[in-house]
Amino acid sequence: METKDSNGNVLEDGDAVHVTKDLKIKGMSKTLKRGVAIRNIRLTGNPQEVECRIGKAQIVLKTQFLKRA
């Protein structure tokens, strides 16, 4: 099954995405602000989630809050 961003664009491993909404991340003290670019995403087994690295933290984000860059 294809992994798609909030606009319906197909995402692939290594793509760059932008955050479309301020997100409070569990376990992190700061909020991930709207418009932040995230590079080198990795697809997971779930088509509604992607893995990425923010600083030194490895996190999983919902694709409904991402837009392909």
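**Entry 1: the pocket**

Which residues line the largest pocket? Before answering, I noted that I am looking at a predicted model. I then listed the lining: Leu23, Lys24, Ile25, Lys26, Glu49, Val60, Leu61, Lys62 and Phe65. The space inside the largest pocket comes to about 160 Å³.

I sorted the lining by class and wrote down five nonpolar residues, four charged ones and no polar ones. Next I asked which strand gives the largest share of the lining. The strand is S7, with three residues. Strands S2 and S7 (57-62) each supply at least two residues of this lining.

**Entry 2: Leu23, one of the lining residues**

I picked Leu23 from the pocket lining and found it in strand S2, which covers residues 23-24. Is Leu23 buried or exposed? Its relative accessibility is 11%, so Leu23 counts as buried, the cut-off being under 20%.

I then looked for its partners, leaving out residues up to four places away in sequence: Leu23 touches Thr31, Leu32, Leu61 and Phe65. Two of these names, Leu61 and Phe65, were already in my list for the pocket lining. I also checked Lys33, ten residues from Leu23 along the chain, and the C-alpha atoms of the two are separated by 6.5 Å.

**Entry 3: stepping back to the chain**

How many helices and strands does the chain have? I found zero helices and eight strands. Read from the N terminus, the elements run β-β-β-β-β-β-β-β.

For the overall dimensions, I noted that the C-alpha trace spans about 35 × 20 × 15 Å along its principal axes. The radius of gyration is 11 Å, and a compact globule of 69 residues would have a value near 11 Å, so the two agree.

Of the 69 residues, 28% count as buried. I also looked at contacts with a separation of 6 or more, and 47% of them are between residues 24 or more positions apart.

**Entry 4: Leu66**

I went to strand S8 (residues 66-68) and stopped at Leu66. With 0% relative accessibility, Leu66 counts as buried. What does Leu66 touch, not counting residues up to four places away in sequence? My list reads Asp5, Ser6, Val17, His18, Val19, Thr20, Val50 and Leu61. I also looked up Ile38: Leu66 and Ile38 are 28 residues apart in sequence, and their C-alpha atoms are 9.4 Å apart in space.

**Entry 5: the segment before S1**

Asp5 was on the list for Leu66, and I followed it to the segment before S1. Asp5 counts as buried because its relative accessibility is 6%. Leaving out residues up to four places away in sequence, Asp5 touches Leu11, Thr63, Leu66, Lys67 and Arg68. From Asp5 to Gln64 is 59 residues in sequence but 6.0 Å in space, C-alpha to C-alpha.

Thr3 is in the segment before S1 too. At 5% relative accessibility, Thr3 counts as buried. Apart from neighbours within four places in sequence, Thr3 is in contact with Asn9, Val10, Leu11, Leu43, Pro47, Val50 and Thr63.

Val10, from that list, also lies in the segment before strand S1 (17-19). Its relative accessible area is 29%, so Val10 is partly exposed. Residues up to four places away set aside, Val10 touches Glu2, Thr3, Lys4, Asp15 and Arg68. Val10 and Arg68 are 58 residues apart along the chain, with their C-alpha atoms separated by 8.4 Å.

**Entry 6: Asn40**

What is the phi of Asn40? Its phi is positive, about 55 degrees, although Asn40 is not a glycine. Where does Asn40 sit? I found Asn40 in the loop between strand S4 (37-38) and strand S5 (42-43). Asn40 counts as exposed because its relative accessibility is 52%.

Definitions and conventions: Residues numbered from 1 in each chain as written. Predicted model: local features only at pLDDT ≥ 70, side-chain atom pairs only at ≥ 80, totals over all residues. Heavy atoms only, no water. Helix = DSSP H or I, 4+ residues; strand = E, 2+ residues; numbered from the N terminus. Buried < 20%, exposed > 50% of the residue type's maximum accessible area, 1.4 Å probe, protein only. Contact = heavy atoms within 4.5 Å. 1 Å grid on protein atoms, 1.4 Å probe; cavity = no way out; pocket = protein on both sides within 12 Å on 5 of 7 lines; lining within 4 Å. Points joined across faces, edges and corners; volume = space filled by probe spheres on them. Nonpolar A, V, L, I, M, F, W, Y, C, P; charged D, E, K, R; others polar. Rg over C-alpha atoms; globule rule 2.2 N^0.38 Å.
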